Amino acid sequence: MKEFIAGKNEAGQRFDKYLKKILPNASTGFIYKMLRKKNFTLNGKKAAGTEILKNQDVIKIFLSDDTFEKFSVDEETLKKNFNFLASLKLNGLKVIYEDEDILAASKPINMLSQKADPDDISANERLLGYLIGIGALTLDEYKNFKPSVCNRLDRNTSGIILMGKSLSGLQKLSEDLRERTIKKYYMAWVCGDVSDEMLIEGYLTKDAATNKVLISDDPISAGSAHIKTEYRPVKKLSDRTLLEVHLITGKSHQIRAHLASIGHPIIGDYKYGDRKINDKYKEQYGIKSQLLHAQRVVFEDGMEIKDEIPDVFKKLM
């Protein structure tokens, strides 16, 4: 018999999902069969699997050692992954806010927010390494819950990324981002003179063949998403404008493509912008990627997390 005590990062999970984390190599059918046979109990009672765990709940698993080992986490692989994460450095990431449940970090350009391929090392892995390093994530905790970055920025977009440190923090962040109760504001240097504050709308359609998105006034296909982008000028010069952009709907490449569609592409954006203009800024100022920075987030309760404007932005002021 194995006994487990639910902690704060298990509280709030469905019992069947928790069992799947303990026994990742077991099928769903096997887990429910064992629940029916009372081989898995919750607080000494038969369970259906749909119960929501509470802190200090007692989980007992009645399986032979061989069966438990066959279906459980490979301890050696787990330790190897944990130690690898512990060895990672922040590599330009900066933690700018942290409490018991969430963390906010400033991501530099040329870094993925989350893995795209299995061998990638993204901001998510580096922040896990940070949490391990400060003692906020132990091996035992890592077995059952892995903190995770909740919002994605393009590789070459800098700024604030949000991570759920605890299960409750991860669930709340994910829900708030999905329901758009967290407001996200970006800074962007764009081509041309933008004089007025504006709310623009349209439809965004992904083109997988080119890894680009298309913006239109009407839906192109069933997969087209309605988008909203709001912006206001912060500083105007003769040939460029610094905008604060409120990302109301958060779709892939939305700000970059939406601003380009109205004739104000982001400086340094070779995918959606003007190559000749970008080449000029690259030669004069060393601009090598789009000047788009996730600068601040505002939560429903009014709490604001703000990041510094990168030095490369200041070159154009």
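Biologist: How many salt bridges does a search of the whole structure find?

Modeller: A salt bridge is counted when a side-chain nitrogen of Lys or Arg is within 4 Å of a carboxyl oxygen of Asp or Glu. Over the whole structure the search finds 16 salt bridges. The model is a predicted one, in which local features need pLDDT of at least 70 and side-chain atom pairs count only at pLDDT 80 or more, while totals for chains, interfaces and linings use all residues. Residues are numbered from 1 along each chain as its sequence is written, and side-chain values use heavy atoms, with hydrogens and water left out.

Biologist: Which residue forms a salt bridge with lysine 143?

Modeller: The partner of lysine 143 is glutamate 75, and their closest N and O atoms are 3.3 Å apart. Lysine 143 belongs to helix H6 (residues 139–144) and glutamate 75 to helix H4 (residues 75–87), so the pair ties together parts that are 68 residues apart in sequence. Helices (H or I, at least four residues) and strands (E, at least two) are DSSP runs, numbered from the N terminus.

Biologist: Where do glutamate 244 and arginine 232 lie?

Modeller: Glutamate 244 and arginine 232 form a salt bridge, with 3.0 Å between the closest N and O atoms. Glutamate 244 is in strand S13 (residues 240–247) and arginine 232 in strand S12 (residues 225–236); the pair, twelve residues apart, links distant parts of the chain. Glutamate 244 is buried, at a relative accessible area of 9%, whereas arginine 232 is partly exposed, at 36%.

Biologist: How many residues apart are lysine 314 and aspartate 311?

Modeller: Lysine 314 and aspartate 311 are three residues apart, about one turn of the helix, and both lie in helix H10 (residues 311–314). Their side chains meet in a salt bridge of 3.7 Å, N to O. Lysine 314 counts as partly exposed at 44% relative accessibility, while aspartate 311 counts as exposed at 59%. Elsewhere, salt bridges that share partners join Arg232, Glu244, Arg296 and Glu304 into one network.

Biologist: Which residues form a positive surface patch?

Modeller: Patches are made of residues with over 30% relative accessible area and no salt bridge; like charges are joined within 9 Å, and nonpolar side chains (Val, Leu, Ile, Met, Phe, Trp, Tyr) within 5 Å. Lys and Arg count as positive and Asp and Glu as negative, without His or the chain ends; the place of a charge is NZ of Lys, CZ of Arg, CG of Asp or CD of Glu. Here the positive patch consists of Lys33, Arg36, Lys37, Lys38 and Lys46. Lysine 33 is found in helix H2 (residues 28–36) and is partly exposed, with a relative accessible area of 44%. In the whole chain there are 51 positive and 45 negative side chains, and the centres of the two sets lie 3 Å apart.

Biologist: Which residues is tyrosine 203 in contact with, beyond its neighbours within four places in sequence?

Modeller: Contact means heavy atoms within 4.5 Å. Beyond those neighbours, the contacts of tyrosine 203 include Leu214, Ile215, Asp217, Pro219 and His226. The C-alpha atoms of tyrosine 203 and aspartate 217 are separated by 6.0 Å, although the residues are 14 apart along the chain. Tyrosine 203 lies in strand S10 (residues 198–207) and is partly exposed, with a relative accessible area of 23%.

Biologist: What is the phi of asparagine 211, and where does this residue lie?

Modeller: Asparagine 211 has a positive phi of about 55 degrees although it is not a glycine. Asparagine 211 lies in the loop between S10 and strand S11 (212–216) and counts as exposed at 52% relative accessibility. Histidine 253, likewise not a glycine, has a positive phi near 65 degrees. Histidine 253 lies in the loop between S13 and helix H8 (254–261) and is buried, with a relative accessible area of 12%.

Biologist: How many helices and strands does the chain have?

Modeller: The chain has ten helices and 15 strands. Its C-alpha trace spans about 75 × 40 × 40 Å along the principal axes, and 45% of its 317 residues count as buried.

Definitions and conventions. Accessible areas come from the Shrake-Rupley method with a 1.4 Å probe; for residues, only the protein chains shown count as cover. Buried means under 20% relative accessible area, exposed over 50%, partly exposed in between (1.4 Å probe, protein chains only).
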